[in-house]
Amino acid sequence: MAYSFPEEVLEHVFSFLTSDKDRNAVSLVCKSWYEIERWCRRRIFVGNCYAVSPEIVIRRFPEVRAVEIKGKPHFADFNLVPEGWGAYVYPWIAAMSAACPLLEEIKLKRMVVTDESLELISKSFKNFKVLVLSSCEGFTTDGLASIAANCRNLRELDLRESEVEDLSGHWLSHFPDNYTSLVSLNISCLGSEVSFSALERLVARSPNLRTLRLNRAVPLEKLPNLLRRAPQLVELGTGAYSAEIRSDTYSNLAEAFSACKQLKGLSGFWDAIPSYLPAMLHVCSGITSLNLSYATIQSPDLVQLVTQCRNLQRLWVLDYIEDRGLEALAASCKDLQELRVFPSDPFGAEPNVSLTEQGLVSVSEGCPKLQSVLYFCRQMSNAALVAIARNRPNLIRFRLCILEPRVPDYLTLEPLDTGFGAIVENCKELRRLSLSGLLTDRVFKYIGTHAKKLEMLSIAFAGDSDLGLHHVLSGCESLRKLEIRDCPFGDKALLANAAKLETMRSLWMSSCSVSYGACKLLGQKLPRLNVEVIDERGPPDSRPESCPVERLYVYRTVSGRRVDMPGFVWTMDEDASLRFS
Amino acid sequence: MEFVNLKATELRLGLPGRDETEEQSSSCAKNNKRSSSEMESSSEHQESGAPPPKAQVVGWPPVRSYRKNVLQQQKKPESDGSGMFVKVSMDGAPYLRKIDLKCYKNYFDLLKALENMFKCTIGVYSEREGYNGSEYAPTYEDKDGDWMLVGDVPWDMFITSCKRLRIMKGSEAKGLGCL
């Protein structure tokens, strides 16, 4: 063609495009751009492992170097997805092992990873650099030993919040003596002790180590040994933060901390005792991220620490901080962007701390950059929510969890519709919202009307009727993920908005009122969706069609029904009626 | 599209705390080992006299298992750290020992441990006579700096106020027991 650029030039131009959105747009321009782009795409993100098969991905993007794959739906975090549901990574590893020998990065979230998969990874990819397993399960320390032993170029090993069967702490010793390329290690989820001397030697021979997140079993007295060998650390997760109160332990610790001039992030702090907190004071001014969500220390000690961190951007903390602590935070940490307050006694009948809606209001007043909130509390009012919305129109993520379901505004006893309505109306860039408290269909009308940028919505124990669901599905233009539990939403709204589901990644509904008949209909109408009925009471056919299903998981896919379903999952499709005769 | 409120005709599974909870928890308990540990945690929280926790709904509040487990294993927050490792001296012994009061559940365990550690007999406490008749009597220094007889106050109060222990010779302790 007379006026097209040579391929190499186009490829070079495309190499500056890193976002998936941009690359997807480019690939739609014309056939030749599609071809050029697909040969040079290096990073793939698969938001739902069943939306596409590994074969399709590899066929289209043969030169992929980094994959990120997500498996189970988010509510699996709260035990709402029965064990054995799926999200096995092995088929992906097997396919890539054969076709992508140059693969460097694998990041997985909520997937089942076996030792077999880990061993295959360690032996298949000679230049393997990054392994991140976030909230995964199914593997043991033996699998980690394979990774350590065989991945000569490994830079990152991050096991964040995964469930690992701890067979032995010796896996760490499998890193060879000449292995020096470690940059990031996160073993905070491991239950038992790793060999400390192996850890110490590993740290000592890793000059590029930037992130080290230890597990609880690493004693505080030994922490200085590691810090002294890694003063260049940027992120540190301590082990248990308590020890017999001794001045030499304290001074060793304080000295070791003060040598770490680059520290920006701190986490860990299991079993923290206040006496050892001041040892960190030297590094506080540089800290931007602080995770104290395992530290059961009282408000005054928390305040003393937090108010020293003037450059704090992210704080995760238990509700021991209380309203007064949050007020102090609001006064000191003007750069705060993200706040998460977790409950110290989630199942207690009575409040054990003085943390109310006021704490959040204070932070919303005092921290102009606050954009991301996760807040567990026991009472809320519309007035507080309205104030928060007015103070912080720049909120992007707002997740409120009032511990008791269906609790009304504690001042007026009204539903919290108005308050959440104010949030969606004022916070025009809101992308993620979690609701709680007493809510009627009205709140969903507000959400459908105003939350135009909302991508993820979590609903529990809310609403009066199908109208609520209809408002959301018909109004929220940017909605990608919708998860609902224990709401009176049923067939009508779902079927009326069936086409909407093809524009979303997924819909989860559990303990709602969606009938088996409606699920079948949905599956038949929309062949590009997998409509999964997840029901532990046996085949849905053994009950009347009008009977509500326990759980419904609907997601778009280009790969059709999956082949690895356990006995309690049924996929509704055109053949559904034939399958159950 | 017009929607009528279908509440009257809708199929509901009821509010949590009633049938729905049992249905959910029994159907989940079979296949999901994590939900049974959640049920265990509710019984651990039950203390005599305190109001029992509400009937638990699976997965609510939305706190991840590893967080719940960590909170259960954590010790209660200490405000000033007193009442844990304390020095123990015994009259006539050449050097002191240190013990962690939190390792013991009650006075009986503590005294047995002290008897073991120092190879002495402390005997049995009585409110009226203290450790009268024993060779040794355990005393402690409290937050106010006063020396008190071990056993007078409830155990929980004792461990938060005890700063150090001294095992006195019985003859010297007689004065304390006869008030």
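Glu83(A) counts as partly exposed, because its relative accessibility is 25%; buried means under 20% relative accessible area, exposed over 50%, and partly exposed in between, with a 1.4 Å probe and protein chains only. This residue of the predicted model sits in the loop that connects strand E2 (66–70) with helix H5 (90–99) of chain A. Helices (H or I, at least four residues) and strands (E, at least two) are DSSP runs, numbered from the N terminus. Between Glu83(A) and Ile44(A) there are 39 residues in sequence and 27 Å in space, C-alpha to C-alpha.

Residues are numbered from 1 along each chain as its sequence is written, and chains are lettered from A and ligands numbered from 1 in the order in which they are written. Because the model is predicted, local features need pLDDT of at least 70 and side-chain atom pairs count only at pLDDT 80 or more, while totals for chains, interfaces and linings use all residues; side-chain values use heavy atoms, with hydrogens and water left out.

Seven of its 10 residues are buried, so H7(A) is largely enclosed by the rest of the structure. The buried residues are Thr141(A), Gly143(A), Leu144(A), Ala145(A), Ser146(A), Ile147(A) and Ala148(A). They pack against helix H6 (115–124) and against strands E4 (130–134), E5 (137–140), E6 (156–158) and E7 (163–165) of chain A. Within helix H7 of chain A, Ser146(A) has a relative accessible area of 14% and is therefore buried. Once neighbours within four places in sequence are set aside, Ser146(A) is in contact (heavy atoms within 4.5 Å) with Glu119(A) and Ser122(A).

Turning to the whole of chain A, its secondary structure consists of 20 helices and 23 strands. A compact globule of 581 residues would have a radius of gyration near 25 Å, and chain A agrees with this because its own value is 25 Å; the radius is taken over C-alpha atoms, and the globule rule is 2.2 Å times the number of residues to the power 0.38. The C-alpha trace of chain A spans about 75 × 65 × 55 Å along its principal axes. Of the 581 residues in chain A, 61% are buried. Among contacts in chain A with a separation of 6 or more, 70% join residues 24 or more positions apart. Chain A exposes about 22200 Å², with 51% supplied by carbon and sulfur atoms; accessible areas come from the Shrake-Rupley method with a 1.4 Å probe, and for residues only the protein chains shown count as cover.

Chain B contains six helices and five strands, in the order α-α-α-β-β-α-β-β-α-β-α from the N terminus on. Of its 179 residues, 42% are buried. Residues 24 or more positions apart provide 48% of the chain B contacts with a separation of 6 or more. The accessible surface of chain B is about 10600 Å², and 53% of that belongs to carbon and sulfur atoms.

The second largest pocket is lined by 28 residues, with Asp20(A), Asn24(A), Phe45(A), Gly47(A) and Arg556(A) nearest its centre. Helix H2 (20–27), strand E1 (43–46) and helix H4 (54–60) of chain A each give two or more residues to this lining. A pocket is an open set of points on a 1 Å grid over the protein atoms alone where a 1.4 Å probe fits, with protein on both sides within 12 Å along at least five of seven lines; lining residues have an atom within 4 Å of a point.
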